[in-house]
Amino acid sequence: MIDLTCISCGRHYKKSKGRYYCEDCGSIMGTLVVDYDFTGMKITRDMFSPTASIYQFEKLLPVKNHSKVAGAIGGTPLLLFENCFGIDQLYVKNDGMNLSASFKDRASIIAVNMAIEEGYDTIFCASTGNAASSLALVSASSLLRTVIFVPSSIPSGKMAQLRAAGAEVNIVDGSYDDAFDQSLKVGFENGWYCRNSAINPYLLEGKKTAAYEILVQMNYRVPDYCIVSVGDGTVISSLIKGFEEFKTLGLVDRMPCVIGVQAENAATLKKVFNGGEPFVPIREEVHSIADSISVGYPRDVIKACKFLARSGGDLVAVSDKQIKDAIVELATRTGIFAEPAGAAPLAGLKQLLGNKRIQKESAVVLVVTGNGLKDTSAVGGT
Ligand SMILES: Cc1ncc(COP(=O)(O)O)c(C=O)c1O
Ligand SMILES: [Zn+2]
């Protein structure tokens with residue numbers, strides 16, 4: 001049984017077609033949290049494998065699989081590098097290994113499955129690039145028509161994925177935040193299924209499986225820190241929720257400290273978080289070489305701030321130069337080539353080590369959310 005709870009007012013909703021957010025609080029303040037009735041659910045450590053794909057966690061997901069490509073999503077490698085970047089045990093979760101080469105596939109598979117189950121013929125999404133290219137590739141083998149809204153700043157690799165997958169692409173004259181607004185207008189007017197960050201509460205459910213996988217792959221040893229980049233705030237919320245759920249299920253006895261990394265000139269969510277409770281959303285112009293996290297009106301801001309506050313997490317900001325350096329250092333030391341947002345966690349780690357907020361003895365997981373081939377411009381590509 002699934003229950004949806006408004007993050008702001010606590011009102012409950014039943015899972016139903018067309019229900020995306022709390023009607024009292026609206027789409028930003030009223031994002032919904034998906035809760036499961038764990039009573040009587042028998043979940044044991046030996047049910048999960050370190051290499052299996054996302055649907056090994058079906059009992060903890062909101063929809064059954066109806067797609068042909070679920071086997072190519074999740075189960076991404078967690079690699080251990082000893083004595084690397086000043087950390088005794090550094091783990092890198094390489095989510096650039098997913099079907100479309102980003103973390104976003106974990107959400108797209110859930111959206112595609114929901115759209116199929118609820119009988120839609122069209123699915124839409126606004127995106128800085130990854131969510132769109134992910135949706136286009138994940139839905140390609142289904143009967144769904146896929147309509148995409150992206151800003152013209154989308155990197156060429158991500159655009160190539162969209163074109164190759166045959167999606168209908170609308171290039172919006174403006175920012176990602178403008179593309180988001182336009183997509184909602186067109187998508188809801190036409191009655192299409194919405195795969196937009198935050199507003200669709202089920203996306204986070206797919207993304208949380210990365211946290212489950214980290215714990216399974218570490219043989220249920222809990223890392224001290226898990227570091228990930230942040231734009232809208234869904235990915236970080238999902239990791240916190242995933243770690244919390246395995247604790248609630250009794251599979252582990254504590255949580256890692258989850259730390260989010262933003263780009264200095266696109267640190268809107270951090271500003272809201274630092275403003276303290278009650279969290280008040282802001283909208284501003286932002287710029288960064290890390291296009292995936294250039295978000296000036298974060299749509300999952302309330303969930304991210306509340307989850308961070310209750311779990312003892314934090315946010316840091318790094319410069320574009322530090323992100324650029326991190327791409328090269330990560331590739332040079334580990335062989336993992338990340339797009340700018342994927343390398344940002346390493347820039348964050350270096351800052352946290354520098355100001356002694358993280359000690360070298362800590363077990364740290366960096367989540368690399370996107371493959372470097374998607375956007376090579378920061379390191380000399382076109
Ligand atoms: C590669 C990559 N990293 C990180 C993020 C940040 O995720 P969120 O917007 O949910 O905070 C995104 C989102 O587009 C992304 O594509
Ligand atoms: Zn509400």
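How many nonpolar, polar and charged residues does the shell around ligand 1 have? By class there are 8 nonpolar, 12 polar and 3 charged residues, where Ala, Val, Leu, Ile, Met, Phe, Trp, Tyr, Cys and Pro count as nonpolar, Asp, Glu, Lys and Arg as charged, and the others, Gly among them, as polar. The model is predicted, so local features need pLDDT of at least 70 and side-chain atom pairs count only at pLDDT 80 or more, while totals for chains, interfaces and linings use all residues. Residues are numbered from 1 along each chain as its sequence is written, and chains are lettered from A and ligands numbered from 1 in the order in which they are written.

In total, 23 residues surround ligand 1, the closest being Asn-130, Gly-231, Ser-292, Thr-369 and Gly-370; a residue is near a molecule or strand if its C-beta atom, placed from the backbone, lies within 6 Å of it. Two or more residues of this shell come from each of helix H3 (130–139), helix H8 (234–248) and helix H12 (340–354), and H8 gives the most, with 3 residues. Helices (H or I, at least four residues) and strands (E, at least two) are DSSP runs, numbered from the N terminus. At least three shell residues are drawn from each of domain 2 (70–99 + 204–379) and domain 3 (105–194), with bounds from an automatic or database domain assignment.

Turning to the sheet, 4 strands form an open arrangement in the order S8-S7-S6-S9, with parallel pairing; two strands pair if DSSP finds at least two bridges between them. Strand S8 (168–172) and strand S9 (193–194) are the edge strands, each pairing on one side only. Strands S6 (residues 122–126) and S7 (residues 145–151) run parallel and are joined by 5 bridges, and Cys-125 has Ile-148 in S7 as its bridge partner.

Helix H7 (residues 209–217) is largely enclosed by the rest of the structure, because 9 of its 9 residues are buried. A residue is buried if 20 or more other C-beta atoms lie within 10 Å of its own, exposed if 12 or fewer, and partly exposed in between, with C-beta atoms placed from the backbone. Just after H7, Asn-219 takes a positive phi of about 55°. Tyr-220, in the loop between H7 and strand S10 (225–229), has a phi near 65° and is partly exposed, with 13 other C-beta atoms within 10 Å.
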